[in-house]
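Please read it with the structure open.

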Amino acid sequence: MVKRRRLETPSSDDLTRIEEEFRRETHGRPSVGPGIAPIAQVAADSAAVAPTEGADARAARARDQADAERLRHAEGQGLLIAEIPLDQIDEGAMIRDRMVMGEDEMMELRLSIAANGLRLPIEVFRLEGSDGQGAPYGLLSGYRRLQAFRALRDLAGSERYGRIRALVRPRTEADAAFVAMVEENEVREELSHFERGRIAVIAANQGAFANVEDAVNRLYATGSKAKRSKVRSFALIFEELGDMLRFPEALTEKRGLRLSAALRNGSEGKLRQALSSGAAEDADQEWQLLEPVISQAEAAPRSPSRGGRPRSGQPAQYGWLDDQTLRTSSGVTIRHARDGKAHILRIEGSMIDNDLMESLMLEIRALLER
């Protein structure tokens with residue numbers, strides 16, 4: 001039979017010795033409080049020894065985070081202004097609507113920039129797939145300002161004009177880009193009739209719009225019906241004669257409308273032949289080449305295949321039917337009558353619509369205000 005060992009109460013010296021041994025064995029380990037998991041105690045101890053962040057530091061960190069968020073938002077919205085080297089901007093990334101820049105106006109712009117700096121930044125967008133080959137930015141708006149900066153750089157040879165302030169806009173769809181460009185030039189400097197028609201045709205050919213009609217309606221959506229009708233007329237001139245006209249931007253509204261009417265009447269071949277028969281030195285000489293063909297087209301009966309057909313059994317009559325009635329080759333009849341001191345014009349014909357009447361009213365107004 002095993003003899004049981006008698007337990008004795010440890011003395012105070014024994015307790016002191018045991019406590020010292022325990023401390024030596026657990027040196028460097030954090031003490032765990034009652035009911036606290038060891039990992040939680042470790043986290044608490046780490047936080048306790050970490051440097052305490054003051055209120056000012058926390059406020060500064062919050063401001064930095066807010067500023068970073070605003071910066072990312074501004075960049076996404078195209079609201080950041082950057083200084084971009086001129087050689088990194090491709091002004092030909094989009095076909096421009098502006099064809100002619102007057103030297104006097106450009107000189108005035110260069111002098112203004114040299115004296116006061118660039119007051120308004122240009123607008124650019126990032127070109128896709130540039131990857132170091134060619135300019136990384138395409139010009140959206142500010143063509144004249146960019147050209148003025150380049151002229152000043154070449155003239156002064158100064159790095160001051162080596163960079164230009166620009167808003168980096170997000171890449172937009174082609175139709176929105178064309179609309180933005182047209183809107184800027186319409187506000188800043190009136191486009192010529194030919195320039196309006198030209199950009200509508202180019203935008204449609206590049207696939208930005210379904211066709212020329214759609215391009216005109218969307219590019220000049222805020223314009224009147226009469227204005228859009230004129231743009232379509234000058235678009236036809238660009239389509240049919242744009243490769244031969246030397247001074248198209250000098251075509252007045254009246255001359256352009258007459259020329260487009262002759263084109264609609266089938267005179268394209270004769271007009272091209274007239275242009276090739278001589279080398280015009282200015283806009284008036286070019287018009288002198290075209291006008292005989294246009295006058296001939298205006299006097300000729302309108303082809304039945306091009307709209308309008310005489311009534312069965314009645315011969316076609318054009319010109320003055322009597323001293324008060326005029327019939328055009330397109331089948332429109334204009335009657336003049338008197339009512340006391342007033343003069344009355346009655347216009348009849350299947351081709352008469354609201355757009356044409358609005359254009360006619362503007363023509364009458366221009367005639368009476370001269």
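## Residue classes and the model

Ala, Val, Leu, Ile, Met, Phe, Trp, Tyr, Cys and Pro count here as nonpolar. Asp, Glu, Lys and Arg count as charged, and the others, Gly among them, as polar.

The model is predicted. The protein chain has 370 residues, and 29% of them are buried. It holds 13 helices and nine strands. Take contacts in the chain between residues at least 6 apart in sequence: 64% of these join residues at least 24 apart.

## The cavity

How many cavities of 30 Å³ or more does the structure hold? The count is one. The space in the largest cavity is about 60 Å³.

Its lining is formed by F247, A250, L251, T252, R255, A283, E286, W287 and L290. By class, six of the lining residues are nonpolar, one is polar and two are charged. Helix α12, residues 283-299, contributes the most to this lining, with four residues.

The largest nonpolar core has 19 residues. Within it, I84, I89, I113, I122, V124, F149 and I164 touch the most other members. The largest share comes from α5, with four residues.

F149 deserves a look of its own. Leaving aside residues up to four places away in sequence, F149 touches L86, I113, L118, R160, Y161, R163 and I164. A second core is separate and has 18 residues. Its members include I237, L241, L259 and I294.

## Helix α7

Why is α7 described as largely enclosed by the rest of the structure? Of its 13 residues, 11 are buried, so the helix is largely enclosed. Buried here means under 20% relative accessible area. The buried set is F194, E195, R196, G197, R198, I199, A200, V201, I202, A203 and A204. After α7 comes G207, whose phi is positive, near 85 degrees.

Key. Residues numbered from 1 in each chain as written. Predicted model: local features only at pLDDT ≥ 70, side-chain atom pairs only at ≥ 80, totals over all residues. Heavy atoms only, no water. 1 Å grid on protein atoms, 1.4 Å probe; cavity = no way out; pocket = protein on both sides within 12 Å on 5 of 7 lines; lining within 4 Å. Points joined across faces, edges and corners; volume = space filled by probe spheres on them. Helix = DSSP H or I, 4+ residues; strand = E, 2+ residues; numbered from the N terminus. Core = buried A, V, L, I, M, F, W, Y, C linked by side-chain atoms within 4.5 Å. Buried < 20%, exposed > 50% of the residue type's maximum accessible area, 1.4 Å probe, protein only. Contact = heavy atoms within 4.5 Å.
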